[in-house]
Amino acid sequence: MRHIQISEYRQDPAVRELLALAADPVDEPALQELIDDCRQLQVLAAFGADGGPVALAAYRLGDEYSLCIEYLAVLGTHQRRGLASALVSRLQELHGRCIWATTDADAVDFYRALGFLISDSAADPRWPAARRHLCTLPYAPLLGLQPTSDPGYEDVDGAPSRGLIELAPADPRWPGDFEKIRAALSAALGSSALAIEHTGSTSVPGLPAKPLIDVALLVPDADDEGRYVPQLRAAGMVFWHREPGWYKHRMFKPGAGTGLAAGNIHVFSPGSPEFLRMVLFRDHLRGHRADREAYAAAKREAASQLAATHGAQGLVMDYNRIKEPFILDLHRRIFGS
């Protein structure tokens, strides 16, 4: 395998066929436009016995945590030989980042088999009729670490509030509450909503929780607020705070006029290790009863401790701090780090 300059292969029949397989251009002008687009990307190619390219991955580096595969294809004569998975593995070896890609239903099983997490995604303007999925491959060393720089916490239209931290029994209405928030976010952002996942304790059946719906929303670049903040505010979401140094995190809440359930909408960029931790933690608790019950006990103990020391003056961040040792220990077991 080696990197190639796509401009040097503009007329190469194999490269043209690979890009046609990856993106299904409708005609020659569309194929030429696709080749031009790939000049802005890095291209890793695998070669056959005759020295010609037989597979390629065209990709771009995102932030320090992520890499996006834009196009991935293997010639029909070389399929089922593990070339596509080898390209993906090599990219992670080279760059040490989480890998993400959007794809239609035909390729989801391939990505799932490699360990990618699959989320429903918004329609891509290039293929408006196709159902799309966001596929994200965790990079375990990143999941076991946290940023060491100042997160730069800034209140925007919200502020920390004090109160008695109370847990509610699991409520069968919570999934429906999430779906309503998801629909509102999807309508507001269109193709910019790369993934919308129900996370936190309300996403785990049987788990007691603060009655707040936690939502993880992925947008192309969470730092580029001009591309999504106006749309969310127009939909009645309140921009609560930002933490640029903590995986570009922004948080919104459904406004009182939306009619939506109370919740926290956490905005990240695709490939964010924190997004992956949230989804993997949720999925683990859904499938492991003993850990789910142990976490429920840790949550009750944290709420009890905070009530005993602060009463109605408790802060959610203090509640989270008390149960953090349990969460970090479970993270180490889940992520193997």
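Visitor: Why is Arg80 called exposed?
Guide: Exposed means over 50% relative accessible area, buried under 20%, and partly exposed in between, with a 1.4 Å probe and protein chains only. Arg80 has a relative accessible area of 87%, and is therefore exposed. Arg80 sits in the loop between β4 (66-74) and α3 (83-95), where helices (H or I, at least four residues) and strands (E, at least two) are DSSP runs numbered from the N terminus. Its phi is near 65°, a positive value in a residue other than glycine.

Visitor: What do the numbering and the values rest on?
Guide: Residues are numbered from 1 along each chain as its sequence is written, and side-chain values use heavy atoms, with hydrogens and water left out. The model is predicted, so that local features need pLDDT of at least 70 and side-chain atom pairs count only at pLDDT 80 or more, whereas totals for chains, interfaces and linings use all residues.

Visitor: What makes the contact between Asp157 and Arg233 a salt bridge?
Guide: The term requires a side-chain nitrogen of Lys or Arg within 4 Å of a carboxyl oxygen of Asp or Glu. For Asp157 and Arg233 the N to O distance is 2.9 Å, and their side chains meet in a salt bridge. The pair links distant parts of the chain, with Asp157 in the loop between β8 (154-155) and α6 (174-189) and Arg233 in helix α7 (residues 229-234), 76 residues apart. By this rule the count comes to 23 salt bridges.

Visitor: Is Lys248 buried or exposed, and how do you know?
Guide: Lys248 has 15% relative accessibility, and therefore counts as buried. Lys248 also forms a salt bridge with Asp221, the closest N and O atoms being 3.0 Å apart. This pair, too, links distant parts of the chain, Lys248 lying in the loop between β11 (237-243) and β12 (249-254) and Asp221 in the loop between β10 (213-218) and α7, 27 residues apart. Asp221 is partly exposed, because its relative accessible area is 31%. Although Lys248 is not a glycine, its phi is positive, at about 60°.
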